[in-house]
Every structure is written in C-alpha cells, then in structure tokens.
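Visitor: Could you walk me through how helix packing is read from a model? I'd like the general idea, then the case at hand.

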Amino acid sequence: MVDSVFVMPGTVAAPRTGILRDLHSRYETVRETLARIDKAAREMGLPDISARLVEDDGQGERRHSPEVQYLEIFSVSIATYHMLIAEGVEPVAIVGQSIGELWALAAAGHLSVADAARLAVARSQVLTRQGWDGKMLAVGVDGRRAESLAGLIGHPHLVLACENTPRQSVLSGPIRLIEEAERVADALGWPSVRLEVPHPTHTPAVASAARELLTTAPRVPYGGGRWRVCSPWLGRDVGDDDPVDLVAGALTARVRMLHTVRALHAAGADAFVECGEWPVVSRFVEASVPGVHCVVPLSERDPVEAVRALVTRPTDGGPARPRPTAVPEDAHRPVIRVGGPPPVSLVPAAPTAPAAHPAPPAPVAPSPVAPAAPAAPVAPVAPAVVAPVAPVPVAPVAPAVVAPEPAPTTAGPTTAGPEYAAVLAEVQALYGDYLGYPPELLGEDDGLEADLGVESLKQVALLGRVADRFDLPDLRSNASLLTVGTLRRIAEAVVRGRAEAAGR
C-alpha cells in the first residue's frame, strides 16, 4: 500500500444532489457521522444537511445559505474520509485547504464532528455580519509575481492570499482593487479568473471578523488527534492548538499549499487522495509535483473500487513501508482553553523571500491581518512541514502516473451529424473568446489542460458557460469533462444532452 495524504477541499461548489447515497447505504460510520452533522445543524436552526446529499428529493440543485453550503462540503469530505478508513486506507497526514483545515481537524480527531460543524457555522456568520465588499482572483503566475502585482496597486487589504501551484496564485481584496488587478494582469498577458466564494478571506480586510470569532465562538474540547494534520497556513503540523484560534487565524493568513504538498512528497508521500467530489486541490498537487499519484474517489464511476485499487497498488516493487501508528480513538485528551488566544498572530507578517518557481490558475486562498487582542505575534513558519512521528527512512519510490479513465460514451448522437459540427463551432468560439485564441486554433481533440494550458479552475468556469449557453445545467456536474477534457467530448455531451432534453 502506498503512503497516502488525505486532502480536504476548501470552499468549492455545492455538492450534487444524491452524491453520498451509495456511501450512506454502505458504511455505518458514514451514517453515524452525517447524523451528528444533521443534529448540530438542527440545533443551530438549519435544515438537515444530509437529506439532499443522500436522497434525490426531485427538486434538483438549489441555492442555500453559506452555512448550509459549508456543512454540505464538510459532509462530503468527512464521508469520503470514513469510506477510505473503512476500506483500509490510512493516511500518513491530512491536509486542508482554507476552511478545509477544519474538516481535517475533525477527521483526525482533534475535535468532534459536531464541534467542527458549529465552528464552521460560527465562522460563516461572523464573515456575513462583517459583509465587506471583497473578491478573490486566481492569477496564472507564481506567488512572487502575484505579490508584486498586489504591491504595484499598493493597498494593505489587497494581498497574495494563496500559493497554490508554481503557476497559480490567488489575490484577495476589495472588489474595486481586484478589478484593477485583473486589468493589470490582462495587460501583462497573465491569465486570471475571479473566484465565486461566499466569503472572500485570507486578507487583513476580514480582521474584525477574525477578532469577533475569537471572542464569541465557544471554546470546545480538543486533543492530539488520531492522525497527523499539516497546516498550510501555519507552515507546520497542528499540535496542541486550540481549533477556534486556528480557524480565526487562518481567516487573515496566507495559505501555502504549494510548499506543504512539496514537503510532504519529499518526506515520502506516494499518493494524494482528495476527499471531495471534484479534482480541485488534487490539481494543485499534480501541478506542484509532476507525476505524483492523485485519486479523487467521488469523481470516479465506482468510488469504492477506486479506493480499493489504491489499497492494493504496489509501491513500485520496493519493500512495504511500515504504516504510521495511529493513536487509538479513545486516546482523545480533552482540554478546555480558559485563557486568551495562544500565540497565533493576526498581524501581517513581513513578506518572505520569493521562491524561484515557474507559474496556471485555481481556487481558495490566504494572507495576514491587523493586530487583534493581545497575542504574541508569531512570524510565519517556513514552508517546511514537520516530519511525521517516528519516521522510517525508505528508499525513494518512483511515483506511478495513472491516467484518468474516460467515462463511457452514452449511446446517442455522434460526431457525424451537422448538429455536432454546429455545436463544436459554437464551443470553439466560446472557448476562443474566453481564452483569447482564434477558434480555428482550438483542435477538437486537444487536451484542454495538456495541450492548451487551460487550468482546472478555468475549465470549471468555461464548462459553466457552455451549460448556460445551451441550457444544460447537468453539464456542470459532469466531472469527466474536467478530468479528460477536450472540445470534442464537450460538444458530444452537449449534443447528447439536447437530444435527451428533447425526448429524442
């Protein structure tokens, strides 16, 4: 079995209806965990979270409050975690992107699932109350260039929020400054896309929300946890850190996912498993460590089989690595924090020396904030991540590259008819206009990412435009068009979708 890192996504699109139906029916631990989240949600005046994720109520996808969206993302992440554990996959570490770090803490046992749900809602509510006019912008360059762009505009609230990959960073700041950054990026020829998130964060602009969370959120029991949790904003493993302080501190801190991923891989991680339904954070991983093995079980036709394949996957014929010793579930040592916040500073840190790395764009992000309550400022820790407990040296293992398997083609219209040609021409024009390419240069069999350099986040945005253009909302949830994306497959999906909609 390979040494796997579980990755928890941050603020992504609301999960699809019925996404957890199979996991709910298969695993008792999933049913129990979703019941705990539902109970916590009801106590906070929210609807049951699992209902739409487990059963199709016939109403399709619906808009919800930010609190419900966060808890749905949490439900999908923690259910995927329990499937992995039930099938015998044990992590060497768990990593969370932005609010996903809260999901990681719950999965590892640092705090209870119910407390994680309550803290996620408290976080959302303080951000809603602050209600600042901000946006986040993914830019297809490395962190050094993105930070220079923010510095060029020169406002303390416009900051480098996230370093996701060698060629993707995220800025966060007031909307008028994000618009200005977008114009400058366009003039420089840097690709960029705005991120649609309920609450733009990782900027000093949300310092008041962070302070309110610190003073109003109930302190919860927490302990050492069962698994190692690596924090991309702390730059180290989570230790005896109060979860409220961690979540509040992360609101204004830069998230260095790129450095965390590379450090974990250098320490021996063979595979990264994303606990969500879309290949979002796993795309960061693939761009940061070329050739690494990534698995997104819920984006596969058979999630359970994808996980079982990971369990039996050989480590390139080398000797099996000893599994990390897990802390027993009952070893959770409750601690109630009664004093002030620990040394997690909300003060912006001095800029670090830029890393010389190359630079495509993606989601979710980071940056520091103005002084809050009396807390000893802590300089951001270097991107190195603390090694796991009792590391065992091993011979390096060459990562195997596993190409995603295309989804089966449904019987229906083919590329032979005139309708396909017309749809393809429209799709080429739409993509060409968005990307700045002449449509005739976009080959129907070119890989959107491999050949055209269209990074995953832009693929999601473009697929949404196609869905709107042809009035086919189901296209948005077709993960295979993102994992194996070509204009041919997208045009074929449009033709099939229109045929089905017309009852042909």
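**Two helices in contact**

Guide: Start with who touches whom: Thr29, Val30, Thr33, Leu34, Ile37 and Ala41 of α2 meet Leu71, Phe74, Ser75, Ile78, Ala79 and His82 of α4, contact meaning heavy atoms within 4.5 Å. Those contact residues split into eight nonpolar, four polar and no charged; Ala, Val, Leu, Ile, Met, Phe, Trp, Tyr, Cys and Pro count as nonpolar, Asp, Glu, Lys and Arg as charged, and the others, Gly among them, as polar. This is a predicted model, where local features need pLDDT of at least 70, side-chain atom pairs count only at pLDDT 80 or more, and totals for chains, interfaces and linings use all residues. Residues are numbered from 1 along each chain as its sequence is written, and side-chain values use heavy atoms, leaving out hydrogens and water.

Visitor: At what angle do α2 and α4 pack?

Guide: Two packed helices are described by the angle between their axes and the distance between the axes. Here, α2 (residues 28–43) and α4 (residues 66–86) pack at about 160°, with axes 9 Å apart. That makes α2 roughly antiparallel to α4 (angles over 145 degrees count as such).

Visitor: Is leucine 430 buried or exposed?

Guide: Burial goes by relative accessible area: under 20% is buried, over 50% exposed, and in between partly exposed, using a 1.4 Å probe and protein chains only. Leucine 430 has 19%, so it counts as buried. Leucine 430 sits in α14 (residues 418–435) and touches Leu462, Arg465, Val466 and Arg469, leaving aside residues up to four places away in sequence.

Definitions and conventions: Axes are lines fitted to C-alpha atoms, for helices over the stretch in contact, and angles run from 0 to 180 degrees between N-to-C directions. Helices (H or I, at least four residues) and strands (E, at least two) are DSSP runs, numbered from the N terminus. Angles under 35 degrees count as roughly parallel, over 145 as roughly antiparallel, 65 to 115 as roughly perpendicular and the rest as oblique.
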